[in-house]
Amino acid sequence: DGTMDYTTSNVASADISNLTVNAVTLPNNGSVTVTVDVTASAQLGTLTSAASGIGASAVTIEISGANGTDQLSFAASTHNSAIAVAINQVKGSTGVSATLSGAALKITSTDYGSSQFVSVKTLSGTYLNGSDHGVDAQVNINGTQASVAGTVASVRTADLDVTVNLNSAFAQQTATGTSFAVTGGGARFQIGSEVSQQGQIQIGI
């Protein structure tokens, strides 16, 4: 029910959007510092159309992403700004969004990681064809390589079991890490034959 959950301090909200501490070995009357380092940045699936818009003939395209597929049709000479609006109107059902990058159109997955992707197929007329997958961040937690899905990193060792949801800006940089402290909480169970710290486990409940 959360009454025996762990307490933490100095969690930087600009770096970590959500934190779950499942288990940690705490010294008596002490705390444990947890350091998170991004060693390779998370990426969106990304396609770019350098053209300023649709050419002299109408176009129908198929937009696909992790959430699904939709078809969009555009009249001749439609500008990228209007194409972006149309793609963003269906991003909930496709998992794909679009922005302008100068005059070019940048089409991306709405989330990060290898399970996310963007695909554009031109069904009629002449336009963009291609696909691209996102990339999971690479993260170390207290020096141990974490298991990462997009921007969610988890590590489970004998002394620490933690999951951190990284904010996208932090997950795209490798210059600086972030750290926080686990200061208390958790339920302690004696599993060894002798009453000692080595014979105990601590978990959050």
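Trainee: Which residues of helix 1 are buried, and what makes a residue buried?

Mentor: They are Asn 80, Ile 83, Ala 84, Ala 86 and Ile 87. Buried means under 20% relative accessible area, exposed over 50%, and partly exposed in between (1.4 Å probe, protein chains only). The five cover an arc of only 165° around the axis, so they sit on the same side of helix 1; the arc is that of the directions from the helix axis to the C-beta atoms.

Mentor: A word on the basis: this is a predicted model, where local features need pLDDT of at least 70, side-chain atom pairs count only at pLDDT 80 or more, and totals for chains, interfaces and linings use all residues. Residues are numbered from 1 along each chain as its sequence is written, and side-chain values use heavy atoms, with hydrogens and water left out.

Trainee: Why is the pair Asp 161 and Arg 156 called a salt bridge?

Mentor: The term asks for a side-chain nitrogen of Lys or Arg within 4 Å of a carboxyl oxygen of Asp or Glu. Here the N to O distance is 3.5 Å, so the pair qualifies. The search of the whole structure finds one salt bridge.

Trainee: How do you know whether Asp 161 is buried or exposed, and what about Arg 156?

Mentor: Asp 161 has 15% relative accessibility, so it counts as buried. Arg 156 has a relative accessible area of 72%, so Arg 156 is exposed.

Definitions and conventions: Helices (H or I, at least four residues) and strands (E, at least two) are DSSP runs, numbered from the N terminus.
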